[in-house]
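Subject: Structure handover

Hello,

Here is the structure for you to take over. Please open it first and keep it beside this email while you read.

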Amino acid sequence: MRSEAAPQLGGLERFASAGKGRGLRARRRFAVGELLFSCPAYAAVLTVSERGSHCDGCFARKEGLSKCGRCKQAFYCNVDCQKEDWPMHKLECASMCAFGQNWHPSETVRLTARILAKQKIHPERTQSEKLFAVKEFESHLDKLDNEKRELIQNDIAALHHFYSKHLDYPDNAALVVLFAQVNCNGFTIEDEELSHLGSAIFPDVALMNHSCCPNVIVTYKGTVAEVRAVREIEPGEEIFSSYIDLLYPTEDRNERLRDSYFFSCDCRECVTKEKDKEKLEICKLNDPPSAETVKDMIKYARNVIEEFRRAKHYKYILCLTLTPLLELLEICELSLDKMGAVFEDSNVYMLHMMYQAMGVCLYMQDWEGALCYGQKIIRPYSKHYPSYSLNVASMWLKLGRLYMALENRTAGVKALKRAIAIMEVAHGKDHPYISEIKKELEDH
């Protein structure tokens, strides 16, 4: 039964979800692939590395973008996009001119600056907040450890350092709350191959609670988030999205949820752990490894994944020369050799390192090496991930493009069609990404 004062959006309503706080539920039936709702970004910021290939205003990917005449670092589709983005871009424009090469606020700082500006320009509720307002976001301030608090203070210092002319700052306590809210409720916008495009705030999308068995998926059309059903949803059913990568076993998923969002999941998959055995598949040997050996190897795998993430993020991606790329590939290969003595290739830790190795090969334009890893990944991915997974779609897409580059058109067409089949449900049949892939098929 619908609460009397429950805010509504189409066939949806906000409600009090038992044990989860606020949530979103269906008031009517939704079919697989049906759009539940769309939400324009309250604030969005294009990642620096994509400037020049995507519009800073609408995030459209196209050639021949026009530069901002002042800073020469922001690019736009046309004058309309530039004018619309100016209230946000002016926060950075003068600062980028003043700091030059020393302008390097984090993406979180850039997004938070835009939120502060938006709150001043539009103090009233926006089209992004039909069900859920930014000011209602949870901050989980009482759960932040000293390390997280220190990181927020660093972000606040950077905000003051890089933004001064066009921002009115609240006091430090209010900024701590806002950064904590952004950390818990921000979204990363990705393209069809799951490459990072930017960060944004989508208040109504943030209303959805998490499940490792989600019934909807969130995709992006520029700076608009779209939420579609990935299984049939009945009236009265709560709408769940996934906050995290669902490849990993229950313990890993919940560790990530606790660290980033301060809760543990109690969905059917987390309670039964029914997929964990397959995800952690051990080599079939005459003399199977002991439980202690398996435990040690899992610990090693988690450590090497974290070590690789840090190396990639802090050192190598900043200077993509051939030598560090080869070093990254060597880390992947050595860890795969070591884990392969205990784990099957379908084990999620093996898949993680294969995926990293594939990424390095793509950077190096080693198409055959990338294809070799992708071929090993795709089948286990299809098994471990839920139906209509973007991770599976992006892998089929990468494989299809690699096959085409290596002039194996038959395999390329098959892979691209598999990607399209998933994307038509997840993104909608009229999404520009699908049109682009279909054009690739025609051109080949």
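Below are the notes on what was found, grouped by topic.

**Ground rules**

This is a predicted model, in which local features need pLDDT of at least 70, side-chain atom pairs count only at pLDDT 80 or more, and totals for chains, interfaces and linings use all residues. Residues are numbered from 1 along each chain as its sequence is written, and side-chain values use heavy atoms, with hydrogens and water left out.

Two terms come up throughout. Helices (H or I, at least four residues) and strands (E, at least two) are DSSP runs, numbered from the N terminus. Buried means under 20% relative accessible area, exposed means over 50%, and partly exposed lies in between (1.4 Å probe, protein chains only).

**Annotated domains**

- "Domain: SET" (unreviewed entry) covers residues 10-244 in UniProt. This stretch is 30% helix and 23% strand. Its end C-alpha atoms are 27 Å apart.
- "Domain: MYND-type" (unreviewed entry) is placed by UniProt at residues 55-93. Here the chain is 38% helix and 10% strand. The end C-alpha atoms are 15 Å apart.

**Salt bridges**

Side chains of opposite charge can pair when their charged atoms come close. The rule used here asks for a side-chain nitrogen of Lys or Arg within 4 Å of a carboxyl oxygen of Asp or Glu. By this rule the count comes to 29 salt bridges.

Start with R22 and E138. Their side chains meet in a salt bridge, at 3.6 Å from N to O. The pair links distant parts of the chain, 116 residues apart. R22 is in strand 3 (residues 21-26), and E138 is in the loop between helix 2 (107-121) and helix 3 (146-162). R22 is partly exposed, with a relative accessible area of 27%. E138 is also partly exposed, at 42%.

Next, K148 and D259. The closest N and O atoms of this salt bridge are 2.9 Å apart. K148 in helix 3 and D259 in helix 6 (residues 250-261) are 111 residues apart, so this pair too links distant parts of the chain. K148 counts as partly exposed at 22% relative accessibility. D259 counts as partly exposed at 43%.

Helix 6 also holds D252, whose side chain meets that of R302 in a salt bridge (2.6 Å, N to O). D252 is buried, at 14% relative accessibility. R302 is partly exposed, at 28%.

There is also a network. Salt bridges link R61, E192, E193, R401, E436 and E440.

**A charged patch**

E327, E330, E333 and D337 form a negative surface patch. Patch residues have over 30% relative accessible area and no salt bridge, and like charges are joined within 9 Å. Asp and Glu count as negative. The place of a charge is taken as CG of Asp or CD of Glu. D337 is in helix 10 (residues 322-340). It counts as exposed, at 60% relative accessibility.

**Backbone and distances**

Which residues other than glycine have a positive phi? F59 is one of them, with phi near 70°. F59 is in the loop between strand 5 (43-46) and strand 6 (66-67). It is buried, with a relative accessible area of 4%. Q365 is another non-glycine case, with a positive phi of about 60°. Q365 is in the loop between helix 11 (348-363) and helix 12 (367-384). It counts as exposed, at 56% relative accessibility.

P214 and L280 are 66 residues apart along the chain, and their C-alpha atoms are separated by 22 Å. P214 is in the loop between strand 10 (209-210) and strand 11 (216-221). It counts as buried, at 15% relative accessibility.

Best wishes

Notes. Patches are made of residues with over 30% relative accessible area and no salt bridge: like charges are joined within 9 Å, nonpolar side chains (Val, Leu, Ile, Met, Phe, Trp, Tyr) within 5 Å. Accessible areas come from the Shrake-Rupley method with a 1.4 Å probe; for residues, only the protein chains shown count as cover. UniProt positions are given in the numbering used here, feature names are shortened, and annotations may be inferred rather than shown by experiment.
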